[in-house]
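Here is a short report on how two parts of one chain meet. Please look at the structure first.

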Amino acid sequence: MTARERPLVGVTMGDPGGIGSEIIVKAVPQVADDADVVVIGDADVVRHAVAQCESDLTVEAVDTVADVRADPSTLSVLDLDNVASLAHGEIDEAYGRASLEYIERAIELAIAGDIDAIATAPIHKQATAQAGSEFAGHTGMLAAYTETDNYSMMLIEGGLRVTHVSTHVPLREACDLVTTENVFDTITVTAQGLHDLGIDDPTIAVAGLNPHAGEGGLLGAEDDEAIEPAVEQARAVGIDAEGPIPPDTVYVKAAAGDYDCVVSMYHDQGHVPIKMLGFDSTDTVSGVNMTVGLPIIRTSVDHGTAFDIAGQGIASESSMVDAIRTAARVAVERA
């Protein structure tokens with residue numbers, strides 16, 4: 001860990017036209033006891049967010065992260081100065097390119113040990129695609145840049161945690177990805193991620209793919225032929241795993257504390273229960289997305305760019321607060 005009293009978390013600004021800068025501005029004063037923060041982005045965009053949010057923070061552009069001060073009244077920005085003009089709520093190729101540059105710089109800093117962890121504000125996938133990115137989002141990009149083959153998205157909302165065998169693929173393809181190898185790999189990185197969170201002896205539930213976990217083969221063979229052997233392999237190497245468990249009950253049990261995490265078979269299976277808990281009627285959004293299996297630490301907010309409200313200073317910072325705190329917590333655990 002860097003030689004600081006608190007972990008140094010690099011927070012990427014996300015799409016300049018989204019809510020990233022304003023949720024960072026709102027979150028930073030709340031995490032001052034947990035982490036030192038450096039924003040990797042554009043100082044002028046952050047200054048605009050400070051004004052929109054009526055914040056008392058002073059924005060200080062820095063050339064290197066070594067210049068970041070542990071001053072709760074100052075928000076340090078590693079200024080890449082790549083936003084020529086600011087327009088909120090628009091899909092812009094230049095903004096997509098800028099958000100990719102923030103991520104690339106953060107990865108370089110984390111690999112070099114200049115920052116202890118990364119927390120990411122949301123990017124816009126259409127904008128990054130227009131900018132030429134081959135990745136569907138942050139996770140694949142982080143894995144490719146760190147040459148990581150076995151990784152997963154872990155979503156955290158209160159006491160409920162979920163990981164995924166597959167995420168941003170069509171549902172038909174997701175079913176084909178439910179193989180013994182893929183499920184076992186996801187169980188193992190889930191165990192690693194839980195250890196990073198300070199859970200020494202985690203209990204992992206593995207959701208079934210089909211209704212009633214296949215009902216003994218009557219409702220599909222994948223549960224018996226792919227998922228159950230993966231669970232047996234995990235138990236053989238000392239991981240406390242159980243499954244396949246019917247997906248219509250396993251999340252309720254996990255939220256009640258019976259399990260430390262649920263390995264989900266596809267995107268919506270894991271996302272729906274998390275977002276049912278994390279989104280409330282006041283438009284407050286909480287929860288964290290943590291990439292497990294990487295050699296570096298990365299967390300993220302569990303929502304998108306919110307173009308419809310961007311630039312108004314009204315976006316909820318709760319998820320960003322959670323993301324920064326979780327990144328700092330994992331940095332301390334790994335140290």
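The report below covers the domains and the interface they share.

This is a predicted model; local features need pLDDT of at least 70, side-chain atom pairs count only at pLDDT 80 or more, and totals for chains, interfaces and linings use all residues. Residues are numbered from 1 along each chain as its sequence is written, and side-chain values use heavy atoms, with hydrogens and water left out.

**Domains**

Two domains make up the division of the chain. Their bounds come from an automatic or database domain assignment.

| Item | Value |
|---|---|
| Domain 1 | residues 8–148 + 294–334 |
| Domain 2 | residues 152–275 |

Over C-alpha atoms, the centres of domain 1 and domain 2 lie 30 Å apart.

**Interface**

In domain 1, 10 residues contact 11 residues of domain 2 (heavy atoms within 4.5 Å). The buried area is about 810 Å², and carbon and sulfur atoms give 50% of it. Buried area is the accessible area (1.4 Å probe) that two parts lose on being put together, summed over both. On the domain 1 side, D302, R329 and E333 lose the most area to domain 2, together 46% of what that side buries.

One salt bridge is counted between the domains (a side-chain nitrogen of Lys or Arg within 4 Å of a carboxyl oxygen of Asp or Glu). D196 and R334 form a salt bridge, with their closest N and O atoms 2.9 Å apart. Helix α11, residues 318–334, gives the most to the domain 1 side that touches domain 2: five residues. Helices are DSSP runs (H or I, at least four residues), numbered from the N terminus.

Conventions. Helix = DSSP H or I, 4+ residues; strand = E, 2+ residues; numbered from the N terminus.
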